[in-house]
Amino acid sequence: MTDVALQHPEQQVPPLPLEGVIKGEVLRMYQQVAQHPEAEFHFYHGRAAAEMFGYEPAWLDRAPAGAVASFAGVGNPHLRSRLQAGEVVLDLGSGAGLDSIIAAWQVGPPGRVHGVDLNPEMRAKAEAHAREAGLANVDFLDGRMEEVPLPDGAIDAVISNGVINLSFRKRRVIRELFRVLGPGGRISITDIVSAKQLSQSIVNDPKLWAS
C-alpha cells in the first residue's frame with residue numbers, strides 16, 4: 001500500500017467477456033461493504049482501517065458513522081493532498097463518501113468536491129452521508145474512471161483511494177486525470193500495486209481482482 005507509479009497495465013488485460021465478469025464481482029463485493037459494513041471481509045475496512053492509515057480521529061468522530069463504517073480504502077490520500085479553501089476536487093471512486101466529506105471540509109463552501117463512482121449503492125450511501133454531514137459543496141456522479149464525467153481543466157486536485165488498481169485500462173485512467181486537471185493541478189493517490197508480474201491464473205480470477 002503506497003504512492004507509486006502504475007506501470008504497463010495493458011500487458012495483462014483480460015479478454016472482454018472476462019472483464020465484464022470481473023467488474024461485476026468488484027461491484028458486488030463493494031456493494032456488500034455498503035450494505036453490511038459490520039460483516040467480516042478479507043480486507044481492512046471501517047474505522048479500524050481508517051485509523052491504521054492515519055486518518056485524524058477528529059475527522060472520524062465528526063463524519064457520519066455510516067461513512068466511517070463503510071470505509072474500504074487502502075491508505076490516506078489526505079496526507080499529501082494539501083487541499084486549500086476554494087479548490088475543486090475530484091474523488092475518484094468515492095465509495096461511501098468518507099474521503100469526499102473530508103475533502104469538502106478542507107475546501108470549504110467556496111470549493112467543491114465531485115465524487116465519481118460506478119456503484120449505485122455506494123453513491124446513494126455517499127449522498128445520504130453528505131446530507132447527514134450538512135454539506136452542500138459535494139456531489140456524487142455516476143461514472144467510470146476511464147471516462148470521468150467532468151470537463152477538461154475543471155479540477156484543482158484529484159484524490160483516489162484503492163480504486164485505480166481495479167481498472168483494466170490504467171493508462172487511460174491516468175490520461176483522464178490529467179485531462180480534467182487544470183494548470184498546476186495535482187494528484188494524491190493511494191493504491192495497491194504488485195512488485196512482480198502476476199500469473200495469468202491470478203489475472204483471470206474475478207474474486208482476486210475484487211479483493
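Biologist: Which residues form one aromatic cluster?
Modeller: F53, Y55, W59 and F71. Keep in mind that this is a predicted model.

Biologist: Noted. How many aromatic pairs does the count come to?
Modeller: Three. One of them is F53 with F71, edge-to-face, at 6.5 Å centre to centre and 65° between the planes.

Biologist: Which parts does that pair tie together?
Modeller: Two loops. F53 lies in the loop between helix 2 (46-52) and helix 3 (57-62), and F71 lies in the loop between helix 4 (65-69) and helix 5 (78-81), so the pair links parts that are 18 residues apart in sequence.

Biologist: F53 and F71, buried or exposed?
Modeller: Both F53 and F71 are buried. Y55 and W59 form another edge-to-face pair, with 6.1 Å between centres and 80° between the planes.

Biologist: And what is the relative accessible area of Y55?
Modeller: 2%, so Y55 counts as buried.

Biologist: What sits over the ring of W105?
Modeller: The charged end of R62, 4.0 Å from the ring centre. W105 is one of the buried residues of helix 6.

Biologist: Stay on helix 6, then. How many of its residues are buried?
Modeller: Nine of the ten, across residues 98-107. Helix 6 is therefore largely enclosed by the rest of the structure.

Biologist: Which ones are they?
Modeller: L98, D99, S100, I101, I102, A103, A104, W105 and V107.

Biologist: What follows helix 6?
Modeller: G108, with a positive phi near 70°.

Biologist: Switching to helix 7. What should its residues span?
Modeller: Helix 7 has 13 residues, 120-132, and at 1.5 Å a residue they should span 18 Å. The end C-alpha atoms are 18 Å apart, which agrees.

Biologist: Which residues of helix 7 are buried?
Modeller: M122, R123, A126, H129 and A130. They cover an arc of only 125° around the axis, which puts them on the same side of helix 7.

Biologist: Why would residues three or four places apart point the same way?
Modeller: Because an α-helix has 3.6 residues a turn.

Biologist: What does the face turned away from the buried side of helix 7 carry?
Modeller: The exposed residues P120, R131 and E132.

Biologist: What caps the N-terminal end of helix 7?
Modeller: N119 does. A side-chain oxygen of N119 lies 2.9 Å from the backbone nitrogen of E121. Past the other end, just after helix 7, G134 takes a positive phi of about 75°.

Biologist: New topic: E87. Where is it found?
Modeller: In the loop between helix 5 and strand 1 (88-92).

Biologist: Is E87 buried or exposed?
Modeller: Buried. Its relative accessibility is 13%, and the cut-off is under 20%.

Biologist: What does the side chain of E87 reach?
Modeller: The backbone nitrogen of Q84, at 2.8 Å. The side chain of E87 also has a polar contact of 2.7 Å with the side chain of R186.

Biologist: Which residues does E87 touch, not counting those up to four places away in sequence?
Modeller: R82, V107, G111, R112, D156 and R186.

Biologist: Take R82 from that list. Where is its place?
Modeller: R82 is also in the loop between helix 5 and strand 1. It is exposed, at 56% relative accessible area. R82 has a positive phi of about 50°, although it is not a glycine.

Biologist: And R112, where does that lie?
Modeller: In strand 2, residues 112-117. R112 is partly exposed, with a relative accessible area of 27%.

Biologist: Which side chain does R112 make a polar contact with?
Modeller: The side chain of D139, at 3.0 Å. Leaving aside neighbours within four places in sequence, the contacts of R112 include E87, V107 and D139.

Biologist: Now the whole protein. How many helices and strands?
Modeller: Ten helices and five strands. Buried residues make up 50% of the 211 residues.

Biologist: Last one. What share of the contacts with a separation of 6 or more comes from residues 24 or more positions apart?
Modeller: 75%.

Methods: Residues numbered from 1 in each chain as written. Heavy atoms only, no water. Helix = DSSP H or I, 4+ residues; strand = E, 2+ residues; numbered from the N terminus. Expected span 1.5 Å × (residues − 1). Buried < 20%, exposed > 50% of the residue type's maximum accessible area, 1.4 Å probe, protein only. Arc of directions from axis to C-beta. Polar contact = N/O pair within 3.5 Å; in protein donor to acceptor, adjacent residues only side chain to side chain. Phe/Tyr/Trp six-rings, centres within 6.5 Å; stacked < 30°, edge-to-face > 60°. Lys NZ or Arg CZ within 6 Å of the ring centre and 35° of its normal. Contact = heavy atoms within 4.5 Å.
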